Structure formats: structure tokens, C-alpha cells
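Hi there,

As promised, I am handing the structure over to you, and my notes follow below it. Please have a look at it first and then read on.

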Amino acid sequence: MKTCETPMIEIRNLHKTFGKNEVLRGIDLTVCPGEVVVIIGPSGSGKSTALRCINRLEEITSGKVIVDGHDLYDPATDINYVRTEAGMVFQQFNLFPHMCVLDNVTLGPIRVRRTPRAEADRLGLALLEKVGLADKAAAYPDQLSGGQKQRVAIARSLAMQPKVLLFDEPTSALDPELVGEVLEVMRALALEGMTMVIVTHEMGFAREVADRVIFIDQGRIQEQGPPDEFFSAPKNPRLREFLGRVRHA
Amino acid sequence: MALDFQASVMWESVPLLLGGVHLTIIITLGGLAIGFVLGTATGLAKTARGRLPRAVADIYVEAIRGTPLIVQVMFLYFGVPLATGMRIPPVTAGIIAIAVNSGAYIAEIVRGAIESIDVGQSEAGRSIGLTRMQTMLYVVWPQAFRRMIPPLGNQFIISLKDTSLLVVIGVGELTRQGQEIIAVNFRAFEVWLTVAVMYLVMTLSIARVLRVYERRLNARFGR
Ligand SMILES: Nc1ncnc2c1ncn2[C@@H]1O[C@H](COP(=O)(O)OP(=O)(O)OP(=O)(O)O)[C@@H](O)[C@H]1O
Ligand SMILES: [Mg+2]
């Protein structure tokens with residue numbers, strides 16, 4: 001586990017209830033700059049909810065979420081600004097279907113950062129190049145494969161030059177043969193030092209890329225550690241059971 | 001008694017009726033233009049977070065949808081001036097009536113279209129730092145608008161036909177022109193047939209124009 005003086009993400013005693021359903025029951029998590037944290041856990045355990053609290057797509061019941069020194073749920077915080085610091089990559093991609101690929105990527109820079117279009121286009125093309133899709137700049141999302149869509153979505157998030165990237169099961173909606181190309185891009189980002197929090201079922205990827213793996217179950221972090229220890233000597237019985245199920249799936 | 005059909009009566013009534021067509025079009029376009037703005041604002045209010053805009057929008061929509069247009073027209077033209085002391089010219093009253101009436105129906109079309117867009121779209125917009133307004137403007141609205149076109153076309157056609165009710169306040173639109181010609185020549189069959197054909201040409205044109213527009217939009221969006 002990395003230690004650091006100024007954490008990139010700091011979550012303290014986070015609680016979240018939907019109606020009577022207490023989904024998060026006190027999450028504490030500190031993520032250092034450049035750290036790659038992978039979150040695993042059974043369906044419905046609150047992984048997505050926890051992740052969505054890191055750029056305030058959910059309102060929280062109590063606790064604190066601090067991203068790069070900004071208290072996300074403090075009414076004085078400019079939430080639109082802070083959201084640009086934490087990009088989100090969704091399972092369903094959520095590309096804008098009425099815009100071509102390049103416009104998907106440049107919308108944020110042009111409208112939020114007021115970057116002149118020519119400069120935004122240059123930046124957008126460079127990012128598409130980076131995810132291997134420069135030749136698709138003029139295509140529409142409907143004309144892309146799932147893996148290509150997800151890579152465009154990553155480029156769209158990167159266009160805001162975020163300090164953190166959040167991934168919610170980025171490869172779960174993909175055909176198996178398209179998973180690799182997306183993981184490839186994520187691996188490259190990790191190597192560049194991007195701070196990432198990734199919810200995924202890709203255990204091989206977690207083992208290889210993560211600095212730390214976290215097991216969430218019943219709204220709490222039940223176990224965490226560097227991947228070797230985490231996967232080879234899991235202590236929590238529910239984690240052992242979960243890993244057994246995933247391995248044999 | 002056999003009908004002694006005279007085609008020439010139809011031709012002769014055309015120039016006078018065209019004057020009515022002209023006014024029908026003006027009232028329809030004017031009413032719908034204002035109705036679209038009103039309906040969009042109301043539809044957006046219905047999707048707003050605040051309770052007050054939602055309540056105001058609900059009252060407006062329910063009041064209009066729950067009462068006959070003809071009552072709304074007469075209330076506006078004969079009733080309201082008694083309260084305000086200000087007479088409204090018939091054509092203006094007609095445009096206002098069509099605007100207020102279509103606005104309520106358009107509001108429902110707008111709300112439905114906006115709510116039909118996946119929440120993932122606004123979440124993606126908010127995640128790159130767009131404000132709520134920008135997300136609506138650049139992400140949700142363009143997609144919702146495309147879905148609005150068929151029901152809007154429907155409403156345009158309904159509103160165009162509704163203008164014929166303005167006969168009760170003496171607006172010289174197409175139906176009124178027909179009545180006046182018949183009052184002189186008593187050729188009800190030929191004149192009402194001509195009037196009907198003219199309405200049909202207008203409604204079919206609206207449907208046609210909107211279909212072409214929709215196709216062009218879809219082509220531009222790459223589907
Ligand atoms: N908007 C919502 N309204 C009500 N309940 C919700 C909402 N979002 C999530 N929940 C509930 O919160 C719980 C946790 O959901 P969450 O999506 O965070 O789980 P998850 O760990 O991401 O599961 P999965 O692996 O299936 O994605 C579930 O019981 C879910 O039904
Ligand atoms: Mg989830």
C-alpha cells in the first residue's frame with residue numbers, strides 16, 4: 001500500500017442509504033496520487049455507489065469525500081469544477097450518440113474549459129491517437145464496436161485532464177474478445193501514473209495492474225491489500241468464498 | 001332529391017377561401033411558435049428539481065387539458081376583457097388561444113421525450129464538468145428533440161384543425177370564410193368540400209415537411 005502526505009482521494013466514514021436500504025455502512029478509503037485501486041465484491045454490495053460518490057453522482061447520507069483537497073459535499077465547493085478532476089468511465093459507455101467521436105471528446109474542453117475549437121480538436125485527435133482510434137474521429141458511436149466505444153469514452157474523460165479516473169466495470173458490457181483492447185489502454189494509463197479507482201471482475205488485470213485491491217461486501221470494506229497477498233492469502237471468509245466463485249466461473 | 005353538383009362553384013369559392021387559408025396559417029404558425037416556447041418551458045419545469053415550477057406546470061397543463069378548447073376561446077375573448085377592461089382583437093385572441101392550448105400538450109411531449117433519454121447521458125455530461133443547463137442544452141435536448149418530432153407533428157396538425165373553432169369569435173379563417181360564402185350562395189356541399197380539401201392539403205403538407213426534416217436530422221446524426 002502506498003503512503004502519501006497529500007492523498008488524492010480521501011473518504012471518511014461514508015454512509016449512503018436508498019430509502020431504508022443502507023448500501024454503504026461506513027467506508028474509509030485513502031488513495032494516493034498515482035495509485036491504482038481495484039474494487040471487487042459481490043453484486044449489490046455497493047461498489048458502484050461508492051465509486052459514484054467520488055464525483056458526486058450520488059448524494060451521500062453522511063461522511064466526507066475529499067478529492068484533491070476539495071470537499072465534494074461541502075455546499076461551498078464548485079461541484080462542476082471538481083467533477084472535471086475526477087473522470088468517470090461507465091459500464092454502458094454513455095457516449096453521446098448525436099455527436100461524432102471527435103465531438104464527444106471535445107465537448108468538455110470546448111464548453112467547460114472554453115478551449116478554442118481548433119485547439120480542442122488537436123487535443124481530441126491526440127487523445128484518440130492515444131487510444132488507437134484516430135481514424136474514427138468522424139465516425140458516430142453507433143458505427144463503433146463496444147471496445148472502440150469504451151476507448152472513446154476513456155479519451156473523452158482524459159480530455160478534461162482529470163487527476164483521477166473512476167471506472168465502473170468498464171469491460172463488463174463487452175464481448176470477451178474486445179476486453180483486451182480496453183484493458184490495454186487502462187494499463188498504459190496506470191503506467192503513466194494516472195490515479196485510478198476501478199470496479200472490475202477482471203481478476204487477472206487486478207493482479208497485474210493494481211497497487212491495492214479492496215473487497216467490499218455488505219456496504220463495508222472487508223479486506224484490502226496488495227494484490228499478491230490479497231489473492232494468495234485472503235483472510236476474510238466471504239472474500240475466500242467470493243474468489244472461489246469468481247475463479248470457477 | 002338528387003344533388004345538383006356544380007364544380008364551378010368550387011372554383012369560384014377558391015379565391016375567397018384562400019384569404020381564409022392565409023389567416024388560418026398565420027394563426028397556426030403564430031400560435032404554435034409561442035406554444036412551442038411555452039410548452040418547452042413548461043416541459044422543462046416538469047422535469048425540474050424544484051417543487052414550485054413543477055406545481056405551476058402541472059396546474060397549467062391539467063387546466064388546459066381538462067377543458068374544451070371552445071370554452072377556453074370564449075373565456076379568453078368574451079370573459080377576460082370583462083375582468084381586465086381590455087378588448088383583445090379576434091386574431092390576437094385566436095393566436096393566444098392556440099398558443100396556450102398547444103403549449104399544454106407540447107409540454108407533455110417535451111417532458112416525455114426528455115425523460116426517455118437514458119440518465120447515463122446526463123451522468124456522462126455532468127462527469128465531464130458540464131453544468132445542469134449545459135448538459136440539457138448539448139447532451140439531452142438534441143436527442144430528446146429528435147424523439148419529439150413525430151408527436152409534435154401530430155400536435156401541429158391538431159392545432160391547425162383547432163383554428164376552425166375560432167369561428168365562434170368571428171375570426172375570418174378558413175371555416176369562417178366557408179360559412180360566409182354559403183350564406184350568400186347556399187352551396188353547402190361544394191363549399192364545405194372545398195374547405196375540407198384545403199385543410200387536408202395543409203395537414204398533409206405539415207406531415208410531409210416534418211418527415212423530410214426528421215430524415216435529414218437522422219442522416220446528420222449518422223443513423
Ligand atoms: N438509485 C438507486 N435507488 C435505489 N437503490 C439503489 C440505487 N442504486 C443502487 N441501489 C441499491 O444499492 C445497492 C448497491 O448497488 P450498487 O449498484 O452500488 O452495487 P454494485 O456493488 O455496484 O453491484 P453490481 O456488481 O451488480 O454492479 C443495491 O441493493 C441496489 O439495489
Ligand atoms: Mg455496479
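Of the contacts in chain B with a separation of 6 or more, what percentage comes from residues 24 or more positions apart? The answer is 77%, where contact means heavy atoms within 4.5 Å.

Before the rest, some housekeeping. This is a predicted model, in which local features need pLDDT of at least 70 and side-chain atom pairs count only at pLDDT 80 or more, while totals for chains, interfaces and linings use all residues. Residues are numbered from 1 along each chain as its sequence is written, chains are lettered from A and ligands numbered from 1 in the order in which they are written, and side-chain values use heavy atoms, with hydrogens and water left out.

**Chain B as a whole**

Chain B has 8 helices and 0 strands; helices (H or I, at least four residues) and strands (E, at least two) are DSSP runs, numbered from the N terminus. Read from the N terminus on, its elements go α-α-α-α-α-α-α-α. The C-alpha trace of chain B spans about 75 × 50 × 25 Å along its principal axes. Chain B has 223 residues, and 46% of them count as buried. Buried means under 20% relative accessible area, exposed means over 50%, and partly exposed is in between (1.4 Å probe, protein chains only).

**Two helix pairs**

Two packed helices are described by the angle between their axes and the distance between the axes. Here axes are lines fitted to C-alpha atoms, for helices over the stretch in contact, and angles run from 0 to 180 degrees between N-to-C directions.

In chain B, helix H5 (residues 119–127) packs against helix H6 (residues 132–162) at an angle of about 140 degrees, and their axes are 9 Å apart. H5(B) and H6(B) are therefore oblique to each other. The cut-offs are these: under 35 degrees is roughly parallel, over 145 roughly antiparallel, 65 to 115 roughly perpendicular, and the rest oblique. The crossing of H5(B) and H6(B) is right-handed (a crossing is left-handed if the near helix is turned anticlockwise from the far one by less than a right angle, and right-handed if clockwise). On the H5(B) side the residues are Gln121(B), Ser122(B), Gly125(B) and Arg126(B), which meet Arg132(B), Thr135(B), Val139(B), Val140(B) and Gln143(B) in H6(B). By class, this contact of H5(B) with H6(B) has 2 nonpolar, 5 polar and 2 charged residues. For these classes, Ala, Val, Leu, Ile, Met, Phe, Trp, Tyr, Cys and Pro count as nonpolar, Asp, Glu, Lys and Arg as charged, and the others, Gly among them, as polar.

In chain A, helix H5 (residues 146–158) and helix H6 (residues 176–191) pack at an angle of about 20 degrees, with axes 8 Å apart. That makes H5(A) roughly parallel to H6(A). Their contact divides into 7 nonpolar, 4 polar and 2 charged residues. Residues of H5(A) including Ile154(A) and Leu158(A) meet residues of H6(A), among them Val185(A) and Leu189(A).

**Some single residues**

Glu123(B) is found in helix H5 of chain B. Is Glu123(B) buried or exposed? Glu123(B) is buried, with a relative accessible area of 17%. Not counting residues up to four places away in sequence, Glu123(B) touches Arg52(A), Leu57(A) and Phe90(A).

Gly41(A) sits in the loop between strand E3 (36–40) and H1 of chain A, and at 0% relative accessibility it counts as buried. Gly41(A) and Phe215(A) are 174 residues apart in sequence, yet 5.4 Å apart in space, C-alpha to C-alpha.

Most residues other than glycine have a negative phi. Arg56(A), however, has a positive phi near 60 degrees. Arg56(A) lies in the loop between helix H1 (47–53) and strand E4 (62–67) of chain A, and counts as buried at 18% relative accessibility. Arg114(A) also has a positive phi, of about 60 degrees. Arg114(A) is exposed, with a relative accessible area of 58%.

**Aromatic rings**

Tyr77(B) and Phe78(B) have ring centres 4.9 Å apart and planes at 75 degrees, so the pair is edge-to-face.

Best wishes

Technical notes. Phe/Tyr/Trp six-rings, centres within 6.5 Å; stacked < 30°, edge-to-face > 60°.
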